[in-house]
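Dear colleague,

Please find the structure below, handed over for your attention.

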Amino acid sequence: MVNSFDRAVLRSVCLSLAALLLATTPLFGDTNERRVTKLADGVYAIEHKYLNDGSSSGNTTVIIGDREVLVVDSCYRPSSASEDIAQIRQWTNKPVGYLLNTHFHNDHNNGNKTYLDAFPSLAIVAQEETKKDMDLIQPGNVARAPGEIEAFVAAFKQGKAQDGHTLSDDEKKLYENIIPNLQPLLAEFKTMVYQSPTLTFTDKIDIDLGNRQVQVKFLGRGNTSGDAIVYLPKEKIVVAGDLLVKPIPYTYDGYPADWVQTLHRMGELDATTFVPGHGPVLHDKAYLYLVADLMQSAVDQVRARIRQIGFPGGHTVDDVKGSVDLTPFRARFAGDDKDLQSQFDEMANQLVKITFSEAAQR
Ligand SMILES: [Zn+2]
């Protein structure tokens, strides 16, 4: 069973999700590969690719002002954060004054301590719910991470996954590629220290980096209960965190009915560039509205079923899922790519689950 909160681990070797990994990790050998996109003078998006240990980080955005720098998200591996810091120092000699954690998933904030060590006067910013979730979940994640890797390796040596099932040939092939690269990750995780956000907000913070206005906003629940976005009004740029992930949204947890509203609020911003939490930079709002339409369809269909069966608290998702069909969206997300199609189907199943659980909370 996948912990809904452990998204980064889900994308690493530590869970036995071979199908997902097979579908999403075409890049073995592309160690430390990253794609930098200049969004405006002094504004850069860093898209992190899968590493040869199967792990990956969320995107990082760097916003440079005349006095100081704001960074959005600090990676899954602290060493990736160090590489980003080295990159930032090539772009500017101004210090990083602010690091924003867009949400609590650890592929966006394991590198917090690395930034704080490099820039001691740093403020680590998060929406208040995100800080609460991080303080609840991250210390345990950090403590468990080395043991999870060791257990994964031990199970592999027995031809098994961590959940005890015998590895398929595909899984074996995949894991054989990953196992030799896990030692550096293990060493890093053994020394990793949790660093909580140091500055929280409820609705917004406006920050002047020196001739560079940055608006940090909470537009409502979505991917988590505390998703922060960044808006640069002059440059018309939005940094969306995992409210937007391309090509296939992340729906491991979240609140789809609220998420739709949040995306529409984001769409109302006067912006032409959107940096998703994972995936390439977007240059219009088409994908934002596609994701909103997908989620609205899930919400509408789940509600229609609840009208038939009655109070959702007396039911489970099994009573609902057969009545929800999201396949009309599949080609719009996945085209004719078989791997993406299977990722879409997995995402759609998960979307129905979280849509039902959101409805059942009422
Ligand atoms: Zn993420």
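**Strands and helices in the predicted model**

Strand E4, residues 69-72, is covered on both of its faces. Val69 and Val71 lie on one side of E4, Leu70 and Val72 lie on the other, and all of these residues are buried. Please bear in mind that the model is a predicted one.

E4 pairs with two strands, which are taken in turn here. Strand E3, residues 60-64, runs antiparallel to E4, and four bridges join them. Within this pairing, Thr61 is found opposite Val72 of E4.

Two packed helices are described by the angle between their axes and the distance between the axes. The axes of helix H9 (residues 286-309) and helix H11 (residues 338-360) cross at roughly 55° and come within 10 Å. H9 is therefore oblique to H11. The crossing of H9 and H11 is right-handed.

Which residues meet in this contact? From H9 come Leu294, Met295, Ala298, Val299, Val302 and Ile306. From H11 come Phe344, Met347, Leu351, Val352, Thr355, Phe356 and Ala359. Of the residues in the contact of H9 with H11, twelve are nonpolar, one is polar and none is charged.

With kind regards

Key:
Residues are numbered from 1 along each chain as its sequence is written. This is a predicted model: local features need pLDDT of at least 70, side-chain atom pairs count only at pLDDT 80 or more; totals for chains, interfaces and linings use all residues. Side-chain values use heavy atoms; hydrogens and water are left out. Axes are lines fitted to C-alpha atoms, for helices over the stretch in contact, and angles run from 0 to 180 degrees between N-to-C directions. Angles under 35 degrees count as roughly parallel, over 145 as roughly antiparallel, 65 to 115 as roughly perpendicular and the rest as oblique. A crossing is left-handed if the near helix is turned anticlockwise from the far one by less than a right angle, and right-handed if clockwise. Contact means heavy atoms within 4.5 Å. Ala, Val, Leu, Ile, Met, Phe, Trp, Tyr, Cys and Pro count as nonpolar, Asp, Glu, Lys and Arg as charged, and the others, Gly among them, as polar. Buried means under 20% relative accessible area, exposed over 50%, partly exposed in between (1.4 Å probe, protein chains only). Two strands pair if DSSP finds at least two bridges between them.
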